[in-house]
Amino acid sequence: MKFYIILLLVFFSELLLQMGDCQKKVKRMPQRNEKSKQKAVGQNKIRAIHKKMKLKVPKMRKERMFLDKDLKPIFIMTQVLDKGHFQKPAETLSLATGQSLELRCKGNNIGWAYPPFLNQLNHSRLSIIQQQKYSQLILTNTRAADTGEYSCWVLLCDGPECSKDDLRMGKTYIFVTDPTELFVPSTNYFAIIYLRPNGPSIIPCRLSTPLANVTLHREIPPQELLVDGSLISYDAKQGFIIQQPKLEQKGVVYCMANLQGTPQISSNYLLLYAEAVSGPPSTSIAASSNAVSGGDHVNVTCTVLGDPDLQVDFTWKYPGQQDERPVIITEKWRLIDRNNGHTVRLSKSMLYIDDVETIDIGDYICMARNLVGETTVVTRLFFHY
């Protein structure tokens, strides 16, 4: 009996020891799991940061380089047809006089260009309206003078300064056909065209319809000029193009158009041969007399010979200027032919002094400026003893 009691006590003590070990193992396992979880979470965060720094940024740079290299222009212009139909306008369109024209360009800030005839006056026939998502150009009661290129582009603005977006543009050339007015009207009855040896020259007798035949004629001696497509060619959008102008081509010419047996003549064009000028003004200065006496009248003249199409601006500095000494300054210019047959522009600025005084003695400085640069010349007045 005692033996059985001893066995039961041993059995229960072993059972209690095993239960204690299990409880200790259960308690240790959550502690190890929490530490490992915290460590794992920490490692994931560190790896994520390194991943952004090393992988994502270079990927974005590569994408930008790829996009900048492979960007293609987007055509943003559409033509509105009758009954709300739309189409992408062709390179050239033809309208009959009196028809209306409506063009739209996508974008919330759009710039437009159109034939210069519509720029000269505030035409009520032309309206441009900027909508939320597109800009709308409407031209009513079209005329032959409206023939030309119509273009639009997205404006990229940084504050008050804006520039064209060369990748989002649209353009089309529109002929407004008028059988009674085959040539696009010009504001000048007689125009001057400069022939330059360094590039082609254009005689701008444009047609209002591409269907008419056109020829080029010299007035004196009267003759039709050969248009072979090489030395001289014709483009209905521009006019006659002289590819390599020569001195012997100078003179008065005109264009003749013919449609269904009805000829029409354009304005006259005076062709002048001009030297190719690529520098600042060639300037000289001279006084009517450098040695003066009190009470004399003196002219100081600043003269420039240059490109006939380049305007010259003059600026003077002279004694007595700070004291507001009264002088008279006049300017004029004209075209002249030199001995070699070349046409140049003669520009003059004249400073006139009435009743010379001591304050007028000193240096007279003339500064002549064109689009290329500036030239300064000087002459001096002194008393004659």
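Which cysteine forms a disulfide with Cys205, and how far apart are their sulfur atoms? The partner is Cys255, at a sulfur-to-sulfur distance of 2.0 Å.

The legends below describe a predicted model, in which local features need pLDDT of at least 70 and side-chain atom pairs count only at pLDDT 80 or more, while totals for chains, interfaces and linings use all residues. Residues are numbered from 1 along each chain as its sequence is written, and side-chain values use heavy atoms, with hydrogens and water left out.

**Figure 1. The disulfide of Cys205 and Cys255.** A disulfide is a pair of cysteine sulfur atoms within 2.5 Å, and a search of the whole structure finds four. The link of Cys205 and Cys255 is left-handed, with -65 degrees about the S-S bond. This pair links distant parts of the chain, 50 residues apart: Cys205 lies in the loop between β12 (201-203) and β13 (213-218), and Cys255 in strand β17 (residues 251-259). Helices (H or I, at least four residues) and strands (E, at least two) are DSSP runs, numbered from the N terminus. Both cysteines, Cys205 and Cys255, are buried. Buried means under 20% relative accessible area, exposed over 50%, and partly exposed in between (1.4 Å probe, protein chains only).

**Figure 2. The disulfide of Cys302 and Cys366.** The sulfur atoms of Cys302 and Cys366 are 2.0 Å apart. The disulfide is left-handed because the torsion about its S-S bond is about -85 degrees. Cys302 belongs to strand β22 (residues 298-306) and Cys366 to strand β26 (residues 362-369), so the pair ties together parts that are 64 residues apart in sequence. Cys302 is buried at 0% relative accessibility, and Cys366 is buried with a relative accessible area of 0%.

**Figure 3. The disulfide of Cys157 and Cys162.** The sulfur atoms of Cys157 and Cys162 lie 1.9 Å apart. A torsion of about 105 degrees about the S-S bond makes this disulfide right-handed. Cys157 is partly exposed at 39% relative accessible area, as is Cys162 at 43%. With the bonded cysteines of the chain numbered in sequence order, the pairing reads 1-2, 3-4, 5-6, 7-8.

**Figure 4. An open sheet of four strands.** The strand order is β20-β22-β25-β24, with antiparallel pairing. The edge strands, β20 (282-287) and β24 (328-337), each pair on one side only. Two strands pair if DSSP finds at least two bridges between them; β24 and strand β25 (residues 343-353) pair in the antiparallel sense over 10 bridges. The bridge partner of Trp333 is Ser347 in β25.

**Figure 5. The largest cavity.** On a 1 Å grid over the protein atoms alone, a cavity is a set of points where a 1.4 Å probe fits but cannot get out, and lining residues have an atom within 4 Å of a point. The volume, that is, the space filled by probe spheres set on grid points joined across faces, edges and corners, is about 50 Å³ for the largest cavity. Its lining includes Pro281, Val304, Leu305, Arg345 and Ser347. β22 gives the most to this lining, with three residues, and β22 and β25 each supply at least two.

Terms used. On a 1 Å grid over the protein atoms alone, a cavity is a set of points where a 1.4 Å probe fits but cannot get out, and a pocket is an open set with protein on both sides within 12 Å along at least five of seven lines; lining residues have an atom within 4 Å of a point.
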